[in-house]
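Me: Could you walk me through how to read the fold of one chain and the contact it makes with its partner?

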Amino acid sequence: MTLIDLANPTRFLALTARVLPWLAAATVILLTIGLYQSALAPDDYQQGATVKIMFIHVPNAWLSMFVWGVMSIASLGTLVWRHPLADVAAKAAAPIGAAFTFLALLTGSLWGRPMWGTYWEWDARLTSVLILFLMYLGLMALWRAVDDPSRAARAAAVLTLVGAINLPIIKFSVDWWNTLHQPASVMRMGGSSLDKSFLIPLLVMAVAFTLLFVTLHLAAMRNEILRRRVRSLQMMQASRVAFSSEMGTGSREETASKGAA
Amino acid sequence: MTALSALIRRDIRIALRVGGGALIGVLFFLTVVVLMPFAVGPDLALLSRLGPAILWLGALLASLLTLDRLFMADHEDGSLDLITMSRTPLELACAAKALAHWLAAGLPLIVATPVLGLLLNLDMVATGAVALTLLAGTPALTFTGMIGAALAVTLHRGGLLMAVLVLPLSIPVLIFGVAASQAVIVGPMTFGAPFSILCALSLVSLVVGPFAAAASLKHGLD
């Protein structure tokens, strides 16, 4: 089974129909384990119970970048290999990525309120995630602005790849801008010095969220394929109706002219 | 080579003649800067502190909004098809068009900067710093915005959608442009570091922009 075998949408639909229930079940089980473990994780000596927001916040933030990576690979598939499902994958991933980014921002600001005393801080990470969110919204607007999917796909692919080159530059410059304007007044997590009692639930949650993304993405791709089929069936029907009515008026005119003669 | 220089000369000539609209960019720049005192109040000290930021925002908007029709007019009269079919690589042709656009619409902005600096109560050194950073930074804006212009012509959509797509990409240029100007005016940073990064951003967009625009034109036009 290679990637090219999936080029046939019918085969893709059949395969995902078999795989999806298992994926969904694995996601639910891992999410349950992860949430249970994070609920049992000890309170931080400084942050108290609010540290538990981390178990939701960090996987969301990690996925917000991971999804752009998936979209970039799909865009390469559109532009280079012309894989027929690549643009479906790219289109289906954008709203999911935007949702993860939004959740990362939301949980981040909910975490910031008790920790920093404010919902929004022009912190470097928050700012660059906000810009990422804006770029997701721009891509979704691009998909919605054009009614021909293949034309929109190539434009979105170019933009996704340009974004993939630009995102590290934006991240770097926002870091630079931030250190210029407010020297390290913001406290942050202890990086890799995370204790094992936090690390294990966090990793479980990260895997669970990744599985959640894969499940949602495959389901969204199925929906997109079916939506396109419905659309082309509707177009065929519309053209058939238009054609037959044209024939109908034509024959009526013919009989009318015959009657006149 | 002659084809490229002919293309540059043609584009500049079109931009400067009636209907070209290169100088409308300067007028827009002037209007945006004049609007600012009405928004923040006629406080000269505050204006001179905000001056570099205002000038940079004005130049950013002016150079992106004039880019909208970089390929559109050529697409309408068919010359874009000739450019795509010619033996000159499309990437080079795109770069030449962007260069011509920068010469016709970007340089006047920099020439206008000293006058606007007077209005914003900037002294000689500060005005010079802003003009120098604009000189180094506006090519990056033009070459990044060209990607948006290419998308606009392939999608038959312009205006707001393109601005939404391209403006986030120009954030680094804005950050380092303003940082370099502020470094001269208030310190404590040195001018060199942000200015060299600004030049690096221009060079990177000089490479990425034409390739992305050409890819979008090649795949999108039909």
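Me: Among contacts in chain B between residues at least 6 apart in sequence, what percentage join residues at least 24 apart?

Reply: Two residues are in contact if their C-beta atoms, placed from the backbone, lie within 7 Å. In chain B of this predicted model, 80% of the contacts between residues at least 6 apart join residues at least 24 apart. Local features need pLDDT of at least 70 and side-chain atom pairs count only at pLDDT 80 or more, whereas totals for chains, interfaces and linings use all residues; residues are numbered from 1 along each chain as its sequence is written, while chains are lettered from A and ligands numbered from 1 in the order in which they are written.

Me: How many helices and strands are there in chain B?

Reply: Helices (H or I, at least four residues) and strands (E, at least two) are DSSP runs, numbered from the N terminus. Chain B has 10 helices and zero strands, and its C-alpha trace spans about 55 × 35 × 30 Å along the principal axes.

Me: How many residues does each chain bring to the contact?

Reply: Chain B brings 22 residues and chain A 23 residues. On the side of chain B that touches chain A, the elements giving two or more residues are helix 7 (124-155), helix 8 (160-166), helix 9 (171-185) and helix 10 (192-220), and helix 10 of chain B gives the most, with six residues.
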